[in-house]
Amino acid sequence: MLLRLVCVVALGVVALGPGVAFAGCAEDVSRLMSKDTERLLSQYNRVTRRIDREGPTANLRAEECRIARQLEPQLASQVAAMKESKCRRDPSVANMLADIVQGHEEDLAVLRKVTTQPDCR
């Protein structure tokens with residue numbers, strides 16, 4: 001049992017040896033992705049799907065606006081933090097980080113459009 005554990009640890013060290021920079025950046029990216037922001041984004045997406053299915057009722061629009069107002073500043077700060085991350089220069093995670101930033105910027109544009117509508121107060 002102990003021998004197996006030692007072998008697994010040794011294999012892990014060998015496998016992670018060249019990718020230590022990736023592991024560090026992966027942890028940084030994970031830390032930058034706020035669970036609260038992701039939870040709010042999921043809630044927002046559920047509400048917008050219901051609006052698409054059921055139509056824009058007053059309650060659903062109010063919920064959409066409430067979540068969008070909460071989510072917009074959080075998502076903006078998350079995008080800014082990801083853009084400032086040193087991991088953007090790491091070629092092993094740069095594409096993944098760029099994709100995440102691009103997706104969040106698109107979400108942010110939609111949120112800004114929603115919160116500027118006159119019925120979203």
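Analyst: Happy to. Thr-115 touches Ala-68, Arg-69, Glu-72 and Cys-120, leaving aside residues up to four places away in sequence; contact here means heavy atoms within 4.5 Å. A word on the source: this is a predicted model, in which local features need pLDDT of at least 70 and side-chain atom pairs count only at pLDDT 80 or more, while totals for chains, interfaces and linings use all residues. Residues are numbered from 1 along each chain as its sequence is written, and side-chain values use heavy atoms, with hydrogens and water left out.

Thr-115 belongs to helix 5 (residues 91–115); helices are DSSP runs of H or I with at least four residues, numbered from the N terminus. Thr-115 is buried, because its relative accessible area is 19%, and buried means under 20%, exposed over 50% and partly exposed in between, using a 1.4 Å probe and protein chains only. Its side chain makes a polar contact of 3.2 Å with the side chain of Glu-72. A polar atom of the Thr-115 side chain also lies 3.2 Å from the backbone oxygen of Arg-112. A polar contact is a pair of N or O atoms within 3.5 Å; within protein, one must be able to donate a hydrogen and the other to accept it, and residues adjacent in sequence count only if both atoms are side-chain atoms.

Now to helix 4 and its partner. The axes of helix 3 (residues 35–54) and helix 4 (residues 58–84) come within 9 Å and cross at roughly 145°. These axes are lines fitted to C-alpha atoms over the stretch in contact, with angles running from 0 to 180 degrees between N-to-C directions. Among the residues that meet are Leu-40, Tyr-44 and Ile-51 in helix 3, and Leu-60, Ile-67 and Leu-71 in helix 4.

Finally, the charged pairs. A salt bridge is a side-chain nitrogen of Lys or Arg within 4 Å of a carboxyl oxygen of Asp or Glu, and by this rule there are seven. In one of them, the side chains of Arg-39 and Asp-36 meet at 2.5 Å, N to O; both lie in helix 3, three residues apart, about one turn of the helix. Arg-66 pairs with Glu-63 in a salt bridge, with the closest N and O atoms 2.7 Å apart. Those two are about one helical turn apart because three residues separate them in helix 4. Arg-61, Glu-64 and Asp-119 are linked in a network of salt bridges.
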